Amino acid sequence: MYYRKFSKNGKRYETAQLRTAAVMLTPLMLTLIFLFVIPVILVILMSFTNWSLTTPVRTFVGLKNYNFVFNDSRFWKSLGNTLLYSAIKLTLDTSLALLVAVALDRHVPGQRFFRIAYFAPVVVPIAASSLIWIWFYDPRIGPLNQILAAIGLPQSQWLYSDKTALLSIILFSVWKGLGYNVILFLAGLQGIPNSYIEAAQIDGATPRQSFFKVKLPLLTPVTSFVITMGIINCLKVFTEVNVMTPQGGPLNSTLLIVAYIYDQSFTRGKMGRGAATSLILFFIILAFTLLERRVGRKTVSYD
Amino acid sequence: MKNSAFGHFWRRYHIGTFLLLIPGAALMIFPFFWMALSAFKTSADVYQYPPKWLPSSFKWDNFAAVFSTIPFLRFYLNSIITSVVQTFLIIMISIMGGFALTKLDFPGRSKIYTFMESSMYVPEVVTMIPLFLLVSSVGLVDSYAGIILPQLSSAFTTILLMSFFSSIPNDLLDAAKIDGCGYYAILFKIVVPNSRTAISTAALFSFLGAWRSYMWPLIVTNSVQLRTLPIGLKYLVQETSSEYQVMMAASLMAIVPILIVYILAEKEFVQSITLTGLKS
C-alpha cells in the first residue's frame, strides 16, 4: 500500500483513503460553502448596505439599517408579538404534552390509536391544516362561533380582531405541535428504568410521590430540550401566520418577527433592512441555543 | 369499590386515564373529520344555520371545482418532484460525507465535523435573503433547480447517519478490504445495507421536511405553474374567497396521502422524531 507522510505530527495517511475522502466530501463541502459560508458573509455585508430587491442600487450605508429597525415600531411590535406567542404557546404546549405523555405511559387500552390521533396534526402540511382552521375561525359561518352560540356563550371575531388574532394562531399552533412533544416526553418517560420506580415504591412512595420526586426530575433533560427547542422554534414561526393572516393580522397583531423580515425583504424589497433584522434574530436564537447547552449540562443523568 | 371486580378492572386497565384521553384525542382529529365531511358539502350546506354536520349528498363537485380553479395536479407533481429529488440528493450527500467522516482517516477530519456542526446554528431565515440573491443572479428563480438546490443543507442528516455508521465494526470493513474491496464497494455493499433503518429514518425525515417546506418555495416561485402544494393551498384561500367547501376538498387531497403513509409507517415516524430530537 502507498502511504503519504504528513509532516505535522508525523502521522501517515493512506493515499487511497485521502483520495476517496476528498471525492466523498466534495458534495457536502459544496453545500456548506454555498448554503452556509457564502450566505452568512453576504447577509452580514448586506445588512450594511441599502440593497434593494427592485432597483440595482447597493451602496454602503453603515449602521443605517440597524438604526431604522431599532426605531421601527413595527419591529418592536413583531418582537413583542413573538415573545407573547412563545410564552403562551410554550406554557400550554409543554404542560398539555407532559400530561398526555404521562397518560400514554400507562398501559391504557387503544394506545396505538391515541398515539396516532395526537401525532396526526404534526405530519400534515401546515398550509393544508391552516385552511381547515381558517374556516373554524370564520366569525359568520365558522363552527367555533356556531358552537359558542349554541351553548349560549359570547362569540368571538377570532382572526379578525386585534385582541384575539394572535391567540387564535396560538390555539392552532398548539393543536399542530402538541404531538411532537408528546412523543419526546413519552420516549423520555419510557427511558426511565423501572428499577428506579420500584425502588421508590419499596421505600413506600405513593404514585404521586414517585412521579414528582423520581420521574419528573429524571425527565429534566427532555423537559429542558423541549422548552429550549420550543423557544427557538417559536421564534422561527412563519407558515401558519402567513397562510392565516397574510397581511399581518388586524393592527399587525399577528406580525411575528419572521413575517416582519419577510415583509421588509420581499414585500417592500428592502433587503438590507431584512438582512439586519435577520441577524438580530440570529443572535437572539443563538443566545437561547447556548443557554440550552449550559442548562443541558447541569441536568440529571440516568447513571 | 376497592375490592370489587369492577374496581380491579378499573385500575388494571387505567380506565380513568383512558376516559381522560378520549376528549383530547377527539379534539385532535375533529378538524380532519370536519374537513373530510365538508369536502362534500354544497355552498348552501356551508351557509346554513344552524350548522349542518353532514353534507346533504355525497357529490364530487368540490373536487372538480378545485381542478378547474387551480392547476392542482401540477402543484402535486411539483411537490413530488422537488421532494423526491431533494431527499435523494440529501441522502446521497449525507451517506458519502458521513462515511468519510466516520470510516476514513484523513487530516482535518474533526475540523470539518465542527465546521459542519456550526452550520446548524444558522436558521433558514438568516440565509434566505442572500440565497435569494444568489439564486436570482444565476437565473434560477422560478425553476425546479431554484427550489431544490438551496434546500440541500445536509448537516443534520449527515450527523444522524454518522452515529449509525460509527457503530459498524471496523473489523468488518478491514476484512472486506483484505478481500479486495475498494472504499466505494465497502460503502455501498457493506455500510449502506447495514444501515438501512438509519437511512430510511433520515430519508423519511428529509422527505417530510421537503414536503412541508413553505418559506423558500414561497420566495423563489413567481409563476403559478411552479408552485408546490403548500404554496398553491395558500393562494387558494384568496382565489376561492370563502368557498370553504372547495378549500376543504383541496386540503383533503393534500392531507390524505401523507396521513395514510403515516398510519402505515407510524413506528418509523415516531422513530424519526425521537432520534432526530433527542440525539442532538
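A:Gly249 touches A:Leu159, A:Ala165, A:Thr254 and A:Leu255, not counting residues up to four places away in sequence; two residues are in contact if their C-beta atoms, placed from the backbone, lie within 7 Å. The model is a predicted one, in which local features need pLDDT of at least 70 and side-chain atom pairs count only at pLDDT 80 or more, while totals for chains, interfaces and linings use all residues. Residues are numbered from 1 along each chain as its sequence is written, and chains are lettered from A and ligands numbered from 1 in the order in which they are written.

A:Gly249 lies in the loop between α11 (239-244) and α12 (257-267) of chain A. Helices here are DSSP runs of H or I with at least four residues, strands are runs of E with at least two, and both are numbered from the N terminus. A:Gly249 is buried, because 24 other C-beta atoms lie within 10 Å. The cut-offs are 20 or more other C-beta atoms within 10 Å for a buried residue and 12 or fewer for an exposed one, with partly exposed in between; the C-beta atoms are placed from the backbone. Along the chain, A:Gly249 and A:Leu159 are 90 residues apart, yet 7.1 Å separate their C-alpha atoms.

The loop between α11 and α12 of chain A also holds A:Leu251. A:Leu251 counts as exposed, because it has 12 C-beta neighbours inside 10 Å. Its phi is positive, about 50°, although A:Leu251 is not a glycine. Most residues other than glycine have a negative phi. In chain B, B:Asp142 likewise has a positive phi, of about 65°, and is not a glycine. B:Asp142 sits in the loop between α7 (124-137) and α8 (144-148) of chain B and, with 15 other C-beta atoms within 10 Å, is partly exposed.

A:Ser86 counts as buried, since it has 20 C-beta neighbours inside 10 Å. When neighbours within four places in sequence are left aside, the contacts of A:Ser86 are A:Ile231, A:Cys234 and A:Leu235.

Apart from its neighbours within four places in sequence, A:Ala101 is in contact with A:Val182, A:Phe185, A:Leu186 and A:Leu189.

Each chain has been divided into domains, with bounds from an automatic or database domain assignment. For chain A the assignment gives domain 1 (3-46) and domain 2 (64-298), and their centres, taken over C-alpha atoms, are separated by 38 Å. For chain B it gives domain 1 (5-63) and domain 2 (70-240), with 37 Å between the centres, again taken over C-alpha atoms.

Between the chains, 72 residues of chain A are in contact with 75 residues of chain B. Helix α1 (residues 15-46) of chain A gives the most to the side of chain A that touches chain B, with 19 residues. By class, that side of chain A has 58 nonpolar, eleven polar and three charged residues. Ala, Val, Leu, Ile, Met, Phe, Trp, Tyr, Cys and Pro count as nonpolar, Asp, Glu, Lys and Arg as charged, and the others, Gly among them, as polar.

One helix pair spans the two chains: the axes of helix α5 (residues 126-136) of chain A and helix α2 (residues 15-38) of chain B come within 10 Å and cross at roughly 80°. Axes are lines fitted to C-alpha atoms, for helices over the stretch in contact, and angles run from 0 to 180 degrees between N-to-C directions. α5(A) is therefore roughly perpendicular to α2(B); angles under 35 degrees count as roughly parallel, over 145 as roughly antiparallel, 65 to 115 as roughly perpendicular and the rest as oblique. A:Ser129, A:Ile132 and A:Trp133 of α5(A) make the contact with B:Pro31, B:Trp34 and B:Met35 of α2(B). This contact has five nonpolar, one polar and no charged residues.
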